[in-house]
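Biologist: I have a new structure open and would like to learn how to read it. Could you walk me through it, one feature at a time?

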Protein chains: 2
Amino acid sequence: MNEKKGKQSIKFGNPPYILGAAAVAGPKEIDGPMARYFDRVSEDATFGKDSWEEGESEMVRQAVTLAIQKAGIVKQDIRYIFAGDLLGQLIASTFGIKDMEIPVFGLYGACSTCGEALSLASMTVAAGYADNVIAEASSHYGSAEKQFRFPLEYGNQRPLSATWTVTGSGAFVVSDRESDVCIQGVTTGQIVDYGVKDSLNMGACMAPAAAAVIYQNLQDFGIKPTYYDRIITGDLGKVGKTILEDLLSMNNVDISANHMDCGIEIFENEEQDTHSGGSGCGCSATVLAGYILKKVSSGEWKRVLFVPTGALLSTVSYNEGQTIPGIAHAVMIEHHEKKGE
Amino acid sequence: MNEKKGKQSIKFGNPPYILGAAAVAGPKEIDGPMARYFDRVSEDATFGKDSWEEGESEMVRQAVTLAIQKAGIVKQDIRYIFAGDLLGQLIASTFGIKDMEIPVFGLYGACSTCGEALSLASMTVAAGYADNVIAEASSHYGSAEKQFRFPLEYGNQRPLSATWTVTGSGAFVVSDRESDVCIQGVTTGQIVDYGVKDSLNMGACMAPAAAAVIYQNLQDFGIKPTYYDRIITGDLGKVGKTILEDLLSMNNVDISANHMDCGIEIFENEEQDTHSGGSGCGCSATVLAGYILKKVSSGEWKRVLFVPTGALLSTVSYNEGQTIPGIAHAVMIEHHEKKGE
């Protein structure tokens, strides 16, 4: 029996499983410490296509196709796809999946989209609406910089608080078929706005939303941070990580011992000049698909709270002087001991 | 017991209800035949704010607030909000709902977003994940034209196949509490791409997706078009309506007797110079909230298939020579005879 927990959470009666996952990433990511965990990396930022946007779509297509293969099923077994990216009107997702003939729910949660997709995917499977669905999220450094900031050719300077958008896509088959990783529950985030306006300090924009959803998850389930082997945020980077831990400690919650941030892990930030860390929907999605799930699958980590974080801005809202609110969604991912077959 | 039906549909065991709905629209809509059914209309396209975008957010805020009021509940009773709009990174929704302190799922399905939101909202309530949720969608003529086409000041000519983006927001409280309108099931659309590239003929881009999802709904439930009092598409306009009816008749499905399109209904298209009809997420959302639900609530219409339609493009994909694929989501809205209390 699925159960509403507290103010913002759901605990699944029959937790859905992650049956297969794939991470596909770009050239900058090859030099990062996560590259060896990814299924596929490309030296070519356009993935053999004519533009960054088409390249991002190609990356989406590859990640979804690989995840389905790795789950040992076929495309026809997938009932829905929950997908999103950072580009206006979700063109990376649209053109990546348009020929797959799978019903689509397009999602936008900025860089929290992987958490939003996994939440809705697991809610859908746990409710019995589908046997297998896909959750997917992507971002691309070239297409994102072009859209949100400056032309790459301009070579603008970046403050140390800035993050580097990950070129990557992570795709997941969420299923009612048993595997060694399950999704026990989800905590859905509210929009949190502390009034930050600096689009080159997204960690500061997102940290309050991450703090709020982590705090609420612990409240709703009546647990302490040590319940989890890791509490893993999406792309706060170094600046955001400090703010997150400060905000939580003000509420007497200490996650410093088991907090990890995908943005900090994905690059060698000093050497690779990525400053505060990696960011983008693809950051948490690829680190989850490539690295975190292996740790959970093997049982090295029993329980992980996965918390992708998003900064809600557009160039229009930014140029009109609006703040940059944040959002974050928490997904409880746990090791599952498979019964003997 | 909720039930998977056929390839793309769900039939709800305990159908959720629409407990309250509100339609808020702008100045052009005041002169259209639907204005008298709307809850609120504004002579001012910025709704008292400084920009079209902020005006759109204000419209969202008003529609959501009104829908909650009309449902006879309070904000604290709402567990999730499913919302989306046409603007890059969903800024209209974000800034409209950011202070409501309700967990958010941001959605993008172009002008099909109202169908996507109602589908996920009803799936969420029918699964027992929430007692009350909001589904909401908006669009704004000024903010959409500025983003997708030309500056309004340029005064470009528009071909007769073009549609006019509706300034409007429709919000719905989907609930497990009985009312006289329920959602019996949903059929979720795939992306359909017939290779059309004309962004000033969106009816042609979307009609194939509408035809596919209507056909699939009839197949999945084993019913004929006459099962419904009305089959109501979102914003195909006159051009798209003809194509839709032609495509379906090629598959021996005749909906000409009971087809209606919100884009054709919302304006006096000849007099108001809106050419093929109204469009935008707000078109189907306001016509549903203001007009269709009154007909279903009164029992004049017993069963309606509501099919918002979306054209998946951005200026980037368009300028890079991509096609404009379509998507549509079908929601089965039915009159419910309330038991005596």
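Modeller: Gladly! Keep in mind that this is a predicted model. Let's begin with charged pairs at the interface: the count between chain B and chain A is six salt bridges.

Biologist: Can you show me one of them? Which residue of chain B forms a salt bridge with A:K98?

Modeller: The partner is B:D193, and the closest N and O atoms of the pair are 2.8 Å apart. For a salt bridge, the cut-off between such atoms is 4 Å. Polar contacts can be looked at too: 32 residue pairs are in polar contact across the interface of chain B and chain A, both residues having pLDDT 80 or more.

Biologist: How should I think about two copies of a chain side by side?

Modeller: Two copies of a chain are related by a rotation about an axis and a shift along it.

Biologist: Now let's look inside one chain. Where do the domains of chain A lie?

Modeller: Domain 1 covers 3-175 and domain 2 covers 181-335 in the domain assignment of chain A. Their C-alpha centres are 16 Å apart. In the contact between them, 58 residues of domain 1 of chain A meet 60 residues of domain 2 of chain A.

Biologist: How much area do these two domains bury between them?

Modeller: About 4,900 Å², with 65% of it on carbon and sulfur atoms. On the domain 1 side, A:Q8, A:M34 and A:C111 lose the most area to domain 2 of chain A, together 14% of what that side buries.

Biologist: How many salt bridges and polar contacts join the two domains?

Modeller: The salt bridge count between domain 1 and domain 2 of chain A is zero, while 23 residue pairs are in polar contact there, both at pLDDT 80 or more. Several elements give two or more residues to the domain 1 side, among them β3 (17-25), β7 (132-139) and α5 (141-148) of chain A. The largest share, eight residues, is from α4(A). That side divides into 29 nonpolar, 19 polar and 10 charged residues.

Biologist: And how many salt bridges are there over all chains?

Modeller: A search of the whole structure gives 28. One to look up is the pair A:E58 and A:R61, whose closest N and O atoms are 2.3 Å apart. Both residues sit in helix α2 of chain A (residues 52-70); because they are three residues apart there, about one helical turn separates them.

Terms used
Residues numbered from 1 in each chain as written. Chains lettered and ligands numbered in written order. Predicted model: local features only at pLDDT ≥ 70, side-chain atom pairs only at ≥ 80, totals over all residues. Heavy atoms only, no water. Salt bridge = Lys/Arg side-chain N within 4 Å of Asp/Glu carboxyl O. Polar contact = N/O pair within 3.5 Å; in protein donor to acceptor, adjacent residues only side chain to side chain. Domains from an automatic or database assignment. Contact = heavy atoms within 4.5 Å. Buried area = accessible area lost by both parts, 1.4 Å probe. Helix = DSSP H or I, 4+ residues; strand = E, 2+ residues; numbered from the N terminus. Nonpolar A, V, L, I, M, F, W, Y, C, P; charged D, E, K, R; others polar.
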